[in-house]
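User: I would like to go through this structure step by step. Could we begin with the terms?

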Amino acid sequence: MNVGIGLPIGDPATLLTWARRAEAGPFRTLGLLDRLVYHNPEPLVALAVLAGATSRIRVQTEVLLAPLRDTALLAKQAATLDRMTGGRLVLGLGVGGRDDDHQVTGIDKRTRGRRLDEQMAMLRRLWSGRPYGDGAGPIGPAPARPGGPEVLFGGFQPAALERVARWGDGFLSAAAPSWAGGLFETVRAFWKEYGRDGEPRMVAQVNVALGPEDVVADARAAMHAYYTFTGMADRMVAGLLTTPSEIRAAITAFGDLGADEVVFYCYGLDPDQVGRLADVL
């Protein structure tokens, strides 16, 4: 099973170090989350920088809040990054749940799922080289991957899981193995219902902090701050994996569920975690 690194968001200046160390290790993917009203780096900009500093590892948004963005510009940005990286972009997409992110962009939070479906129809159209429509021509460049970069959808609700089969290439799960199994099966059922060939790609995300107590404390504080808006910050922090045995058990559990990749999401800033996580594998 493939493994990836989810990058911390507390200090964008450190991410080049993380990326270069991950590139030299056994990791397949660099993941970066998305928020707008927060201090995280903008993921497409940040991943473009990291892709330029690496040559092998894939760069993945997990997840990019597509409804907050202009669709035509997103199509061009994603196609450009995919083309310039030789197809190393994985576009993880979701709808987001923060009121303030939607407020500052003027997007109606109540219609964000419908907007994402409309966006996907246009993204697929543009990535295939067809004109935008209404007198406007195609929007290039052509992506490296025919039909556009690989698209994963994150989410928990049936509409989000169905979206994987309707528009995507796979599913990005932020749930524990005990919950993820049911989500995986629902995604696979929708995949068959839509008559899709093959199998959806399944990617699991696991929150980890590996190292001395100050590294773990740093991760816990960052996670708590990030998830405060949900009202479940304590619960999320309690699920943080902090030992090699816990991390190996999660890899085994997700492997048993048929996951294709596990991304270790790090909130603590210490880049030495890359080497520690490599040693766990």
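Analyst: A salt bridge is a side-chain nitrogen of Lys or Arg within 4 Å of a carboxyl oxygen of Asp or Glu. This is a predicted model, in which local features need pLDDT of at least 70 and side-chain atom pairs count only at pLDDT 80 or more, while totals for chains, interfaces and linings use all residues. Residues are numbered from 1 along each chain as its sequence is written, and side-chain values use heavy atoms, with hydrogens and water left out.

User: Which residues are linked in a network of salt bridges?

Analyst: The network joins Arg28, Arg58, Glu150, Arg201 and Glu261. Within it, the side chains of arginine 201 and glutamate 261 meet at 2.3 Å, N to O. This pair links distant parts of the chain, 60 residues apart: arginine 201 is in strand β7 (residues 201-208) and glutamate 261 in strand β8 (residues 261-266). Strands (E, at least two residues) and helices (H or I, at least four) are DSSP runs, numbered from the N terminus.

User: Are arginine 201 and glutamate 261 buried or exposed?

Analyst: Both arginine 201 and glutamate 261 are buried. Buried means under 20% relative accessible area, exposed over 50%, and partly exposed in between (1.4 Å probe, protein chains only).

User: How many salt bridges are found in the whole structure?

Analyst: The search finds 18. One of them is formed by the side chains of aspartate 99 and lysine 109 (2.7 Å, N to O). Aspartate 99 lies in helix α4 (residues 99-105) and lysine 109 in the loop between α4 and α5 (112-127), so the pair ties together parts that are 10 residues apart in sequence. Aspartate 99 counts as exposed, at 54% relative accessibility, and lysine 109 is partly exposed, at 25%.

User: Changing topic, where does aspartate 82 lie, and what does it touch?

Analyst: Aspartate 82 lies in helix α3 (residues 71-84). Its relative accessibility is 0%, so aspartate 82 counts as buried. Not counting residues up to four places away in sequence, aspartate 82 touches Gly87, Arg88, Leu89, Pro143, Ala144, Arg145 and Pro149; contact means heavy atoms within 4.5 Å. The C-alpha atoms of aspartate 82 and alanine 144 are separated by 5.7 Å, although these residues are 62 residues apart along the chain.

User: Finally, which residues touch the most other members of the largest nonpolar core?

Analyst: They are Phe27, Leu91, Leu93, Ile247, Phe264 and Leu277, in a core of 76 residues. A nonpolar core is a set of buried Ala, Val, Leu, Ile, Met, Phe, Trp, Tyr and Cys residues joined through side-chain atoms within 4.5 Å. A second, separate core has eight residues, including Val63, Val90, Leu152 and Leu172.
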